[in-house]
Amino acid sequence: MGKTSLKDIIKVNKELNSKYNKDIKNSDIELEISTDSRDDFDSTKLFLAIKGEKFDGNKFALETYNKGCRYFILSDETINMPDDAIVFYTNDTILFFIKLAREYRKRFNIPIISITGSCGKTTTKELTHLFLSTKYKALKTEGNFNNEIGVPKTIFNLDSSYEIAVIEAGMNHKNELLRISECIEANTVIINNVEPVHIAHLGSIENIAYAKAELFNHTRENANAIINKNTNCADILKKEAQRNNIQNIIESDIKEIVKKDDNTFEYKGIIFKHNLVGDFNLYNVLSALNAAEIYNADLKKCADILVNYESQKNRMQIINIKGCNVINDCYNSNPSALKNMLKYLSQRNESKKIAVIGDMLETETENSSYHKEIGNTINELKNIDTVIAVGEHSKDIYNTVNCEKYYFENAKSAIEKVKEFLKYNTAMLIKASLSMGFAVIIDSIKENK
């Protein structure tokens with residue numbers, strides 16, 4: 001992990017009108033930042049305390065001191081540190097971290113592609129990195145490190161060996177991407193789509209679009225924007241890109257891709273074969289190809305490498321259990337993504353089709369009915385045989401569908417019923433928001449392989 005300097009810390013400290021407890025004689029000292037008190041510490045590390053809803057890193061500052069740490073960024077001035085500790089006190093340690101990552105980012109004159117969207121952003125990030133890796137040594141966001149803490153950590157993973165970077169950025173509230181954009185200083189921004197995800201926090205689809213468009217802030221000179229022309233509020237995204245002085249705007253249009261069959265398409269005269277689930281993933285591929293073209297990657301090499309790409313864990317993975325093809329997509333859920341997966345399920349060739357559906361969290365508001373809409377979608381598709389609905393909101397799905405149906409309050413209680421449908425020539429979709437804990441269903445049925 002890259003290191004920050006005391007010089008940069010003092011600069012950010014002054015910018016935020018924060019304070020520190022003693023004079024610093026040597027500001028050229030470089031320090032590795034840790035936000036985890038369980039790490040090993042010595043005098044070359046700095047402990048930055050994160051205060052969350054369930055924990056307060058400030059309370060572990062003395063523990064890291066006892067391990068050898070001597071530099072700290074804290075938000076609680078009541079924490080009494082020993083005399084030889086150098087402590088910076090600030091109201092917002094996460095913002096401090098973002099701004100330190102901004103200073104570190106300035107050390108590298110390489111292009112950074114930042115990616116956001118309501119769904120598919122991780123797939124787009126993986127595909128963009130895959131394509132760019134045919135030409136460059138490329139850094140990418142690992143796992144789900146896409147929030148206000150994860151993005152700065154990814155920036156600090158940059159070193160002189162990298163030629164380009166692909167950063168995923170997520171949000172669920174206004175101003176998150178505005179803050180995150182400051183440390184990315186993107187050369188290219190991709191916005192995949194705008195769907196009613198986190199609408200409980202943001203209130204409307206238009207507000208979601210404006211929140212996504214915050215990623216256009218703090219871009220570098222001559223930046224690019226790749227916008228899905230076919231998504232909701234594409235006009236808002238384009239106007240916000242222009243407002244942020246982004247001149248090169250690519251309106252990515254799915255019509256540019258000619259589908260040959262479920263696993264083959266043509267783009268600019270080149271045939272691409274893939275293992276991606278569902279036509280909706282072609283939007284993600286197209287955005288990644290647009291980025292590859294901006295940075296002069298060879299499209300034929302992109303086609304050669306795409307055929308071996310496999311989806312990430314718990315994201316549209318197909319597992320065969322007792323002849324039943326289980327579509328494991330329990331990493332997250334929202335109305336658009338769930339409708340896409342239900343349509344995909346309905347189009348499969350198996351004789352029986354089962355949908356195991358959990359709550360789409362952060363979607364329902366006082367006046368919304370997204371889960372009922374999912375029930376209506378299932379009725380319209382006609383050929384989904386059985387629905388197993390799980391969770392408080394999913395009771396609306398259970399009450400709406402006309403097919404064979406079962407309801408359970410939580411994932412654990414649904415396991416045995418799910419296992420009953422693991423039969424030959426059956427397709428089973430398992431999908432819910434991450435916090436619904438559907439991984440326990442996947443883990444349990446895997447035991448039946």
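Phe97, Tyr104, Phe108 and Phe156 are linked by ring pairs into a cluster. The pairing rule: rings of Phe, Tyr and Trp (its six-membered ring) pair if their centres lie within 6.5 Å, and planes under 30 degrees apart count as stacked, over 60 as edge-to-face, the rest as tilted. This is a predicted model, where local features need pLDDT of at least 70 and side-chain atom pairs count only at pLDDT 80 or more, while totals for chains, interfaces and linings use all residues. Residues are numbered from 1 along each chain as its sequence is written, and side-chain values use heavy atoms, with hydrogens and water left out.

How many aromatic pairs does the rule give? The count is 8. One of them is Phe41 with Phe47, an edge-to-face pair. The centres are 6.0 Å apart, with 85° between the planes. Phe41 has 8% relative accessibility, so Phe41 is buried (under 20% relative accessible area; exposed is over 50%, partly exposed in between; 1.4 Å probe, protein chains only). Phe47 is buried too, at 1%.

Now Phe265 and Phe272. This pair is stacked, because the planes are at 5° and the centres 4.9 Å apart. Buried or exposed? Phe265 is buried, at 0% relative accessibility. Phe272 is buried as well, also at 0%.

Next, charges over rings. The criterion is NZ of Lys or CZ of Arg within 6 Å of the ring centre and within 35 degrees of the ring normal. Lys137 has its charged end over the ring of Tyr162, 4.7 Å from the centre. Lys405 has its charged end over the ring of Tyr398, at 4.9 Å from the centre.

On to Ile271. Where is it? Ile271 lies in strand β15, residues 270-273. Helices (H or I, at least four residues) and strands (E, at least two) are DSSP runs, numbered from the N terminus. Ile271 has a relative accessible area of 43%, so Ile271 is partly exposed. Val258 is 13 residues from Ile271 along the chain, and their C-alpha atoms are 9.4 Å apart.

Last one, His198. His198 is in the loop between β10 (188-191) and α7 (199-202). Its relative accessibility is 17%, so His198 counts as buried. Which residues does His198 contact, leaving aside neighbours within four places in sequence? Met171, Asn172 and Glu362.

Terms used: Contact = heavy atoms within 4.5 Å.
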